[in-house]
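Please take a look at the model below.

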Amino acid sequence: MDSIEQLTRACVRKLKPYSSARGEHAGQQGILLDANENPFENGYNRYPDPLQKAVKAKLSAIKGVPASQMFLGNGSDEAIDLLFRGFCEPRIDKVLICPPTYGMYEVSAGINDVELIRVPLLADFSVNLEAVLEVLQRDRPKLTFICSPNNPTANLIDEETIASSAEASSGLVVVDEAYIDFAPEGTVVPLLAQYPNLVVLQTLSKAWGLAGIRLGIALANEAVIAVFNKIKPPYNVNLLTQQVALKALDDRIGTEERVQTLIQERMQLADWLEKQHFVRKVWPSDANFLLVEFDDPHHFYHGLSDRGILIRDRSSVVPGCLRISIGTPEENAALVIALRELEISNEK
Ligand SMILES: *Cc1c(COP(=O)(O)O)cnc(C)c1O
């Protein structure tokens, strides 16, 4: 691989970052007349910690990764965008994705005017490693996105594929582990020690149940983290988010119980769906959703929607397929009842 310095855009290398008042005097007590804040205390009148040190300390203990190898953003979507802005020269650099996959990589590439190279997943939704290695060598993409477990196909990508890609890439290999808490054995975080060009994205949006607060995590080599910190908006994670995260991260046991409930529910729903004659295939899932191929996806999609049950139509990216997020036991039971009704109406 090239050094992180070489991979960084020239304008970012040269950049003198904005220096915020709270950044220069982090955690200092006393009379704070340095940030043009309003002095009257209401709990929110001060700017938040720009480096979120308290939240990182807790996450560091949970993830087993030092805070110095951690970036926190306004959702992992912010980390994805910063990867483009930090490392990809518009109209010059290229980025590799393996569709069908998460839509934000393509959107961020479009916003940043960066060319995408697509290496489709194989029929079983594993990565086409041979084709990926060829592109890595020929086109030297700055970023390679691998989503594991992948959205919308729900499967983990195996570690050897990711390791071989990181080994062969001159750029960064970004593994999006948004759903990894539903299959923690599949994480590639241990590979960070071996591959300085590996970036692992995680989030509090899924297993931690905090999509509303917007807190994404990037784990990487310190040199990559330094680029993130150089170009991020100074106060990118607001005070309310940091406070809610600090509290939520103390409830590891409750979170783990809810994750186990969702996995149980997923297995039950998958078993039931597999027995239905209107279902062609339930794809194996390592996440909190199921990708299901129907004989007549639109009948079921619209019928559920008419009954107030929203699922995701993925038939444009995976023929015949709908994506179903796992709900509470009550919600999943309501889904089953609605699908039974729709099965009958389809036969009429
Ligand atoms: C849901 C999801 C995310 C989460 O994004 P946030 O901005 O952290 O909410 C990231 N990647 C994938 C593949 C997802 O499905």
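## Ligand contacts

A polar side-chain atom of Arg 214 sits 2.6 Å from an oxygen atom of the ligand. Thr 203 also places a polar side-chain atom 2.6 Å from a ligand oxygen. Asp 176 takes a nitrogen: an N or O atom of its side chain is 2.7 Å from a nitrogen atom of the ligand. A polar contact here is a pair of N or O atoms within 3.5 Å; within protein, one must be able to donate a hydrogen and the other to accept it, and residues adjacent in sequence count only if both atoms are side-chain atoms.

How much of the ligand does the protein bury? Taken alone, the ligand exposes 390 Å², and the protein buries 94% of that. Accessible areas use the Shrake-Rupley method with a 1.4 Å probe; for residues, only the protein chains shown count as cover.

## The shell and the model

The ligand has 13 residues around it; Ser 76, Thr 203, Ser 205, Lys 206 and Arg 214 come nearest. To be near, a residue needs a heavy atom within 4 Å. The shell holds four nonpolar, five polar and four charged residues. Ala, Val, Leu, Ile, Met, Phe, Trp, Tyr, Cys and Pro count as nonpolar, Asp, Glu, Lys and Arg as charged, and the others, Gly among them, as polar.

The model is predicted: local features need pLDDT of at least 70, side-chain atom pairs count only at pLDDT 80 or more, and totals for chains, interfaces and linings use all residues. Residues are numbered from 1 along each chain as its sequence is written, and side-chain values use heavy atoms, with hydrogens and water left out.

## Helix α8

Helix α8 covers residues 159–168. Its buried residues are Thr 161, Ile 162, Ala 163, Ser 165 and Ala 166. Buried means under 20% relative accessible area, exposed over 50%, partly exposed in between (1.4 Å probe, protein chains only). These α8 residues pack against α7 (129–139), β4 (143–147), β5 (172–176) and β6 (198–203).

## An exposed loop residue

Ala 123 lies in the loop between β3 (115–118) and α7. Ala 123 counts as exposed because its relative accessibility is 71%. From Ala 123 to Gly 186 is 63 residues in sequence and 21 Å in space, C-alpha to C-alpha.

## The whole chain

The chain has 13 helices and 11 strands. Helices (H or I, at least four residues) and strands (E, at least two) are DSSP runs, numbered from the N terminus. Of the 348 residues, 51% count as buried. The C-alpha trace spans about 75 × 55 × 30 Å along its principal axes.

Note on methods
Contact means heavy atoms within 4.5 Å.
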